[in-house]
Amino acid sequence: MKIDLKKAYDSVFWEVVQEILDGLHFPSLFITWIMACITTPTFTIQLNGRDHGSFKGKRGLRQGDPLSPLLFVLVMEYLSRLFQRATTKPGFKFHPQCRINKMVHMMFADDLIVFSAADRLTVHELMLAFEKFSKCSGLKANKDKS
């Protein structure tokens, strides 16, 4: 299966970034700094070279920010762990070419390729893992590109 994540950087919930950093045992002060970096920016709207108000961001990582790709990778690590956990469910079957390495997926930026046997139970377990990830991270599949 190919899954394209819709507006990947823009959709990440800040809370999940904080929970992941905490779950990976980053120091509290470091987490505070990171959260300050991603939660404090304001955006100004310009029209014809003149400012027309500003607003605070509510979620997402900023493209172009050197910190964002690293944080995005940590968020995607959560999905990797959910997929790995799905492989331990009774009846889960790997794709025949991926069984030896126990490979379930590959990621590149906002695209995922998921490998498994094409049976109902296996696909269901992987979809449950993706749905759980989607609910807590804010990242959803772009159905037109998946």
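User: Why does Glu77 count as partly exposed?

Analyst: In this predicted model, local features need pLDDT of at least 70 and side-chain atom pairs count only at pLDDT 80 or more, whereas totals for chains, interfaces and linings use all residues. Residues are numbered from 1 along each chain as its sequence is written, and side-chain values use heavy atoms, with hydrogens and water left out. Buried means under 20% relative accessible area, exposed over 50%, and partly exposed in between (1.4 Å probe, protein chains only). Glu77 has 32% relative accessibility, so Glu77 counts as partly exposed.

User: What makes the pair Glu77 and Arg81 a salt bridge?

Analyst: The term requires a side-chain nitrogen of Lys or Arg within 4 Å of a carboxyl oxygen of Asp or Glu. The closest N and O atoms of Glu77 and Arg81 are 2.9 Å apart, so the pair meets that criterion. Arg81 is itself partly exposed, because its relative accessible area is 47%.

User: Why are Glu77 and Arg81 separated by about one helical turn?

Analyst: They lie four residues apart in helix 4. An α-helix has 3.6 residues a turn, so residues three or four places apart point the same way. Helices here are DSSP runs of H or I with at least four residues, and strands are runs of E with at least two, numbered from the N terminus.

User: How many salt bridges does a search of the whole structure find?

Analyst: The search finds two. Besides the pair in helix 4, Asp111 forms a salt bridge with Lys2, with the closest N and O atoms 3.4 Å apart. This pair links distant parts of the chain, since Asp111 belongs to strand 5 (residues 111–114) and Lys2 to strand 1 (residues 2–6), 109 residues apart. Asp111, at 26% relative accessibility, counts as partly exposed, and so does Lys2, at 41%.

User: Which residues of helix 3 are buried, and why are they on the same side?

Analyst: Ile31, Ile34, Met35 and Ile38 are buried. They cover an arc of only 100 degrees around the axis, which puts them on the same side of helix 3; the arc is that of the directions from the helix axis to the C-beta atoms. The face turned away from the buried side carries the exposed residues Leu29, Thr32 and Trp33.
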